[in-house]
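Please read this note beside the sequence and the model. It is written for a reader who is new to structural description.

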Amino acid sequence: MKRVFNFSAGPAMLPQSVLEQAQAEMLDWNGSGMSVMEMSHRGKEYMSIAAEAEADLREIMGIPGNYKVLFLQGGASSQFAMIPQNLLRGKGTADYVDTGDWSAKAIKEAKKYANVNVVASTKDGNYTSVPAFDTWKCDANAAYLHYTPNETIRGVEFAWVPETGDVPLVADMSSTILSRPLDVSKFGLIYAGAQKNIGPAGLTIVIVRDDLIGETLPDTPTMFDYKIHADNESMYNTPATYSWYLAGLVFKWIKQQGGLAGMAVINERKAQKLYTAIETSDGFYKSPVAADCRSWMNVPFTLANADLDKAFLSEAAQQGLTTLKGHRSVGGMRASIYNAMPEVGVDTLVSFMQDFAQKNG
Ligand code: PMP
């Protein structure tokens, strides 16, 4: 067996020790005589797995007691609709910040339900920066303000949290959740698809302040009502049981890494190594992203000579460095270096990049 360093944007690498534990427990979880996949979600074994995962997530993120944690399905993409359906609460307008492809998708969906006020957009600059807060044209009456703290495709990450006063702040944290400490109390709602920093695909986590739920738009489907899921502890219907279990193992792994503060130290170091390799390549590699908002999780870069892209990718793959091709809308390369990417994976990539530049420069 040879495991590769997989730089996929998601689904992405999982910690090896988590996979090994899941493997060891595959046929018989904790003497139950069955796999977690085979358990009733209402049985006491599974209920204990689910509760422990939630408790661990609450602990590592410091989630206050007046927030619900929901373990849903449908991906982050379903949240693009669920957020206006649940959070408009009699208001007509919602504020959105447009900093990339995922913001734009959230905006497009929200327009089906709300009068969307785009407070700032970096589209004209090809989504390579974060708009200064003092340029935002916020509506004091907006039901909420939505933004995307980390844009996965173009690798643009906010280094700060907007201060929106009484307007609840809503964040699509799909590709940055659990990468660094966060003050949850600054947010009305945080959501994330699991398949990057949490666990396998199929699970979507929503953390929502409890006073914001319970007033949906008319005709909102039952399954899209946060209150229904909250009142039923995410077991109104069958949840993504195995993904939830694996997420629980990942939360325990994060605790072993020193929690989010520990993760942040490692993540910042990994990212700096990669950006430094790009910056010190004499222009062989380039980062398209403004220096003050370069993502710790998704690092896009281009080769000055795009004719070398193919050779770069195939020689990297030969060294066990896979899935480095950039998103089709950007081209070039993208290295996604989520929590579970070991630092040695980044070190190996950096030395490969240096060798490749020397050979082809
Ligand atoms: N938002 C962001 C920031 C993402 O990176 C992604 C997926 N790459 C999505 C939303 C969509 O997530 P899902 O596939 O879980 O619907």
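The points below go from the whole chain to single residues.

1. Basis of the model. The model is a predicted one, in which local features need pLDDT of at least 70, side-chain atom pairs count only at pLDDT 80 or more, and totals for chains, interfaces and linings use all residues. Residues are numbered from 1 along each chain as its sequence is written. The pLDDT, which is the predictor's confidence in each residue from 0 to 100, has a mean of 98 for the protein chain, and 100% of the residues reach 70 or more. For the complex, the predictor gives an ipTM of 0.99 and a pTM of 0.98.

2. Overall form. The protein chain contains 9 helices and 14 strands; these are DSSP runs (helices H or I, at least four residues; strands E, at least two), numbered from the N terminus. Its C-alpha trace spans about 60 × 55 × 30 Å along the principal axes. The radius of gyration is 21 Å, which agrees with the value near 21 Å for a compact globule of 361 residues. That quantity is taken over C-alpha atoms, and the globule rule is 2.2 Å times the number of residues to the power 0.38.

3. Of the 361 residues in the protein chain, 44% are buried. A residue is buried if 20 or more other C-beta atoms lie within 10 Å of its own, exposed if 12 or fewer, and partly exposed in between, with C-beta atoms placed from the backbone. Among contacts with a separation of 6 or more, 69% join residues 24 or more positions apart; a contact means that the two C-beta atoms, placed from the backbone, lie within 7 Å.

4. UniProt, in an unreviewed entry, lists "domain: Aminotransferase class V" for residues 4-349. UniProt positions follow the numbering used here, feature names are shortened, and annotations may be inferred rather than shown by experiment. Over residues 4-349 the chain is 32% helix and 16% strand, and the end C-alpha atoms are 12 Å apart.

5. Which residues are around the ligand? They are Gly10, Gly75, Ala76, Ser77, Trp102, Thr148, Thr152, Asp172, Ser174, Ser175 and Gly193, where near means a C-beta atom, placed from the backbone, within 6 Å. Helix 3 (residues 75-87) gives the largest share of this shell, 3 residues. By class, the shell has 2 nonpolar, 8 polar and 1 charged residues. Here Ala, Val, Leu, Ile, Met, Phe, Trp, Tyr, Cys and Pro count as nonpolar, Asp, Glu, Lys and Arg as charged, and the others, Gly among them, as polar.

6. The unreviewed UniProt entry places the feature "binding site" at Ala76, Ser77, Trp102, Thr152, Asp172, Gln195, Asn237 and Thr238. These positions are spread over 163 residues of sequence and also in space, up to 30.3 Å between C-alpha atoms. A "binding site" annotation in an unreviewed entry also covers Arg42.

7. Buried or exposed? Asp172 lies in strand 8 and counts as buried because it has 28 C-beta neighbours inside 10 Å. Asp172 touches Ala76, Trp102, Ala106, Thr148 and Tyr191, not counting residues up to four places away in sequence. Thr238, in the loop between helix 5 (226-231) and helix 6 (241-256), has 10 such neighbours and therefore counts as exposed. Arg42 is in the loop between helix 1 (16-24) and helix 2 (44-61), and with 9 C-beta neighbours inside 10 Å it counts as exposed.
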